[in-house]
Protein chains: 2
Amino acid sequence: MSEINIGIIGFGTVGAGTVEALMENREIISNRAGTEVVIRKIADLDTESDRGITLDRELLTTNSMDVIEDPNVNVIVELIGGMEPAKEYILKAMENGKHVVTANKALLAEHGREIYQAAERCGVSLAFEASVGGGIPIVRALRCGLSANHIQTIMGILNGTSNYILTRMTREGHPYNKVVQDAVSLGLAEDPPTLDVDGTDAAHKLAILISIAFGSPVSFEEIFREGISSLTPDDIRFASEFGYSVKLLAIGRNLGDRLEARVHPAMIPRDHILANVNEAYNAIYLEGDFVGPNLYYGLGAGKRPTASAVVSDIIDLARHIRLGVNGIMPPLAHFRSTGHGITIRPMEELTSEFYFRFSALDRPGVLSRIAGILADQQISIFSVIQKGRDAGGSVPIVMLTHEALESNVRKAVSLIDQLDVAMGKTVMIRVENR
Amino acid sequence: MSEINIGIIGFGTVGAGTVEALMENREIISNRAGTEVVIRKIADLDTESDRGITLDRELLTTNSMDVIEDPNVNVIVELIGGMEPAKEYILKAMENGKHVVTANKALLAEHGREIYQAAERCGVSLAFEASVGGGIPIVRALRCGLSANHIQTIMGILNGTSNYILTRMTREGHPYNKVVQDAVSLGLAEDPPTLDVDGTDAAHKLAILISIAFGSPVSFEEIFREGISSLTPDDIRFASEFGYSVKLLAIGRNLGDRLEARVHPAMIPRDHILANVNEAYNAIYLEGDFVGPNLYYGLGAGKRPTASAVVSDIIDLARHIRLGVNGIMPPLAHFRSTGHGITIRPMEELTSEFYFRFSALDRPGVLSRIAGILADQQISIFSVIQKGRDAGGSVPIVMLTHEALESNVRKAVSLIDQLDVAMGKTVMIRVENR
């Protein structure tokens, strides 16, 4: 076979980037693929907008089925995102014997099992490097590069928008809402950036990474999610005084029989390599039982970085298709899947160190009452900062704890927030020291 | 085929780590390979030492040819390192139709062309993830993950020993010799660690990375090499005052028709992600035309990290062998090699910013004479630090330049070192601001 034909569904930002890469870097791509990669058809509801690409208009269609049913197409590239009709298109393409490349993290996170099984049943490959970390080849690192390892820890900065917001809050001391407004007006965040800042997007990506690491789809709903919108510049500054940076982390940890899987703001030591990942950059920190600590860093979104990942998948498939081989690796890179999902430990059972900022009336005995409640819940204090009172007579009491149980922390916070001296909700941030 | 048989040549640290991984993680490895991976034979001159591994003694042989000529062996894993007999073994194994996995960076850097061609001629695969960056899957990133890109820049901290030494010099302010002695006595460096600290080891790895990035072997001798042994804690401290960290960097840059390829101590801005790579860690920073900046970080050496890379290659080969496929990708992942080497631009043509520390008698007019020589060589000064004199009457004059030409800098330094007021050789460190 002297050429591989691909059909693209979705001619938005990533679709246009993919076409751009295939055209601009045609020579090096065919050299690395061992065959020409030819765009056969592109489907999008909008075939009129100018994407800045000179294309034969005959390639464009508004009907995705034209692409999926084209007998000459070997590979379908799904770039419309979301649940339906993306899922229907992918399943139909597989039934038609097409290999599939997708960037659709939400779909894989929430309906991965069905899609992975369909790929195996239909005897086609499914590649999804672009679904996590933009251009960072982290899916390949887990499927191939670290395949000798049991993965013990995954800690990721997986959402560029929230990392950008936290970076600016840290550097400029501006409150969350102002930075979000700026980011939206600069075109760096969607308006509103709900799924970016509430942890959903990062949790989608974490679900995919965990599924590959452990060889079985994970139940997305069980991943704990907490966003960054309640963080204040004060908390970031206090964290800094304790030697920490605040990041929205997606954490997966192998507990033997169960897993930790959670997304929330976390304090990490400032000398941790993840603490230096700023702006819109993503990074994934992994620990394997042989490789030890590893980090992967790059742009987690955007037209060209995401296209880099999509096209790398196309090249890998082309290398296989030209030899007529198939089934080198199942989607999750485990030949024997457990078949059932991985059990995620309930968040209440987490043990962690914690940061608290209590807002309380500046009266004698307040610290003692707070400390008493913490002690009742077996929460032991590691360090306290209490600064001068502010104009309103309330005072922030900031502390770090030793390891404590999440359920106890929640109970303590709830009791403290009910005290008559409480002047606002307690802020709690988990600390990652491991 | 229900099992893949491997033969290991070299039962030293990495060989023992590889056996350890194959035994300890047998279940996950077979699950990811799709077949059992069986150790058929292990050759080493020393078959008596205790490696802490319980093995059938029948597996051990002192004769490497027993392994290479075993008709049941599919994959030869070469872990003895060095030029000969490693090269002979690899070529013989390929002629016998065996796929080869190697960690041998020196051999690939200096004789890569012959070995890559032999693999293609014999129709076998050659995998060498462990040759660069220990457990970091950087070879795969270049062969697969970033395959859609023209690689524009490679900047690597590729030698863990020298990074460890620089980290301790930076943190503790101790001189080079003392830190090296400590590292040797702690078993963290060889005695003497010549190839680690003089840039040779990093240059070997850079040669391999460049060869994959550009699809053609590079002439190792043309890679400029300068080591870290003349660096002093003073220079590291001055660099820090200017906002820089000092690292031994391996740099490759695509200049269109030619390449930069050089290894030397360099100052990088403290907020660059590479500046935060400390201790014995390695990291490779890459820029591609689509993916943008990327970083890969991890342990660049050691028994278990290196074994992680070796076994990941074995698993990839096993995935192919079980399907009877071959030739998915040539060693450098380019199907059309240029056939001739890449041209490296002579170091004299480098333009860079520079750091200088001049040691001169503390007399009127000295700075003016130095500045005059620099001006004559079109070297323009960006910033100067001149501190109080020391006991001997000499004074360090420290400066940063704007971009200047390496050949001019060498001429200027040579002229300045011949001044009657010169009290010692000028220290020059290149600054990487791009």
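## A parallel sheet in chain A

Two strands count as paired if DSSP finds at least two bridges between them. In this predicted model, strand β5 (residues 99-102) of chain A and β6(A) make 2 bridges and run in the parallel sense. Within β6(A), Ala127(A) is the residue that sits opposite Val101(A).

Zoom out, and that pair belongs to an open sheet of 6 strands in chain A, ordered β3-β2-β1-β4-β5-β6, with parallel pairing. The edges are taken by β3 (60-61) and β6 (126-127) of chain A; each has a single partner strand, so one side of each has no neighbour in the sheet. As background, strands of a sheet pair through backbone hydrogen bonds, either parallel or antiparallel.

## Two helices packing together

Further along chain A, have a look at helix α13 (residues 366-376) and helix α14 (residues 406-417): their axes come within 9 Å and cross at roughly 150°. Angles over 145 degrees count as roughly antiparallel, so that's how α13(A) lies relative to α14(A). The crossing is right-handed.

Who touches whom? On the α13(A) side you'll find Ile370(A), Ile373(A) and Leu374(A), which meet Ala412(A), Leu415(A) and Ile416(A) of α14(A). That contact between α13(A) and α14(A) is made up of 6 nonpolar residues, with no polar and no charged ones.

## How the two chains relate

Methods: Residues are numbered from 1 along each chain as its sequence is written. Chains are lettered from A and ligands numbered from 1 in the order in which they are written. This is a predicted model: local features need pLDDT of at least 70, side-chain atom pairs count only at pLDDT 80 or more; totals for chains, interfaces and linings use all residues. Axes are lines fitted to C-alpha atoms, for helices over the stretch in contact, and angles run from 0 to 180 degrees between N-to-C directions. Helices (H or I, at least four residues) and strands (E, at least two) are DSSP runs, numbered from the N terminus. Angles under 35 degrees count as roughly parallel, over 145 as roughly antiparallel, 65 to 115 as roughly perpendicular and the rest as oblique. A crossing is left-handed if the near helix is turned anticlockwise from the far one by less than a right angle, and right-handed if clockwise. Two residues are in contact if their C-beta atoms, placed from the backbone, lie within 7 Å. Ala, Val, Leu, Ile, Met, Phe, Trp, Tyr, Cys and Pro count as nonpolar, Asp, Glu, Lys and Arg as charged, and the others, Gly among them, as polar.
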